Amino acid sequence: MKIEDMSVLVCDDSMFARKSLCMFLATLGIKNIYEAADGQQAIDQYSENNPDVVFMDIVMPVVTGIDALKKIKEINDGAKVIMASSVGTQSYLKDAIKAGATDFLQKPITNEQVQKTLENIAEGVI
């Protein structure tokens with residue numbers, strides 16, 4: 001699968017972080033980009049749109065990123081969910097991996113990290 005053919009869900013309670021990532025994804029040629037501002041929206045968007053890749057913040061209102069990850073994995077065990085966090089990353093990292101995260105990125109996430117992650121998914125590396 002080519003990066004530009006992927007559909008991506010961006011889940012972050014920070015509107016700035018969400019918009020920044022969505023704008024970068026658009027520059028890669030990705031047309032199907034979905035957004036969620038909390039974990040429950042992420043679950044709902046995933047159920048509705050079944051995106052190829054999810055970028056998920058860990059610390060979010062309503063439903064945490066870890067709990068949203070667990071629900072998404074219940075919906076689709078093969079879901080590619082990339083977790084991101086800037087606080088308490090060591091303990092969250094273990095929880096995220098245990099819950100089935102595909103990868104984990106330390107915030108602030110760079111465009112290069114996002115592109116490399118998408119290339120790895122496209123090539124079947126992760």
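At what angle do helix α1 and helix α5 pack, and how far apart are their axes? In this predicted model, helix α1 (residues 15-27) packs against helix α5 (residues 111-122) at an angle of about 55°, and the two axes lie 11 Å apart. The helices α1 and α5 are therefore oblique to each other. Their crossing is right-handed. On the α1 side, the contact is formed by Leu-21, Phe-24 and Leu-25; α5 contributes Asn-111, Val-114, Gln-115 and Leu-118. By class, the residues of this contact comprise 5 nonpolar, 2 polar and no charged.

The crossing of α2 past α3 is right-handed. Gly-39, Ala-42, Ile-43, Tyr-46 and Ser-47 of α2 meet Ala-68, Lys-71, Ile-72 and Ile-75 of α3. The contact of α2 with α3 contains 6 nonpolar, 2 polar and 1 charged residues.

In soluble globular proteins, nonpolar side chains tend to be buried together. The largest nonpolar core in the model has 22 residues, and Met-56, Val-81, Met-83 and Ala-96 have the most contacts inside it. At least two residues of this core come from each of β1 (7-11), α2 (39-49), β3 (53-57), α3 (65-75) and β4 (80-85). The greatest contribution to this core is that of α3, with 4 residues. Leaving aside residues up to four places away in sequence, Ala-96 touches Ile-58, Ile-66, Leu-69, Met-83, Ala-101 and Phe-104.

Several loops carry backbone features of note. Most residues other than glycine have a negative phi, and most peptide bonds are trans. The bond joining Lys-107 and Pro-108 is cis, with omega about -5°. Pro-108 is in the loop between β5 (103-106) and α5. Asn-50, although not a glycine, has a positive phi of about 45°. This residue is located in the loop between α2 and β3. Its relative accessibility is 47%, so Asn-50 counts as partly exposed. Val-62 is likewise not a glycine and has a positive phi, of about 70°. The loop between β3 and α3 holds Val-62. Because its relative accessibility is 67%, Val-62 counts as exposed.

Terms used
Residues numbered from 1 in each chain as written. Predicted model: local features only at pLDDT ≥ 70, side-chain atom pairs only at ≥ 80, totals over all residues. Heavy atoms only, no water. Core = buried A, V, L, I, M, F, W, Y, C linked by side-chain atoms within 4.5 Å. Buried < 20%, exposed > 50% of the residue type's maximum accessible area, 1.4 Å probe, protein only. Contact = heavy atoms within 4.5 Å. Axes fitted to C-alpha atoms, helices over the stretch in contact; angles between N-to-C directions. Parallel < 35°, antiparallel > 145°, perpendicular 65-115°, else oblique. Left-handed = near helix turned anticlockwise from the far one by under 90°. Nonpolar A, V, L, I, M, F, W, Y, C, P; charged D, E, K, R; others polar.
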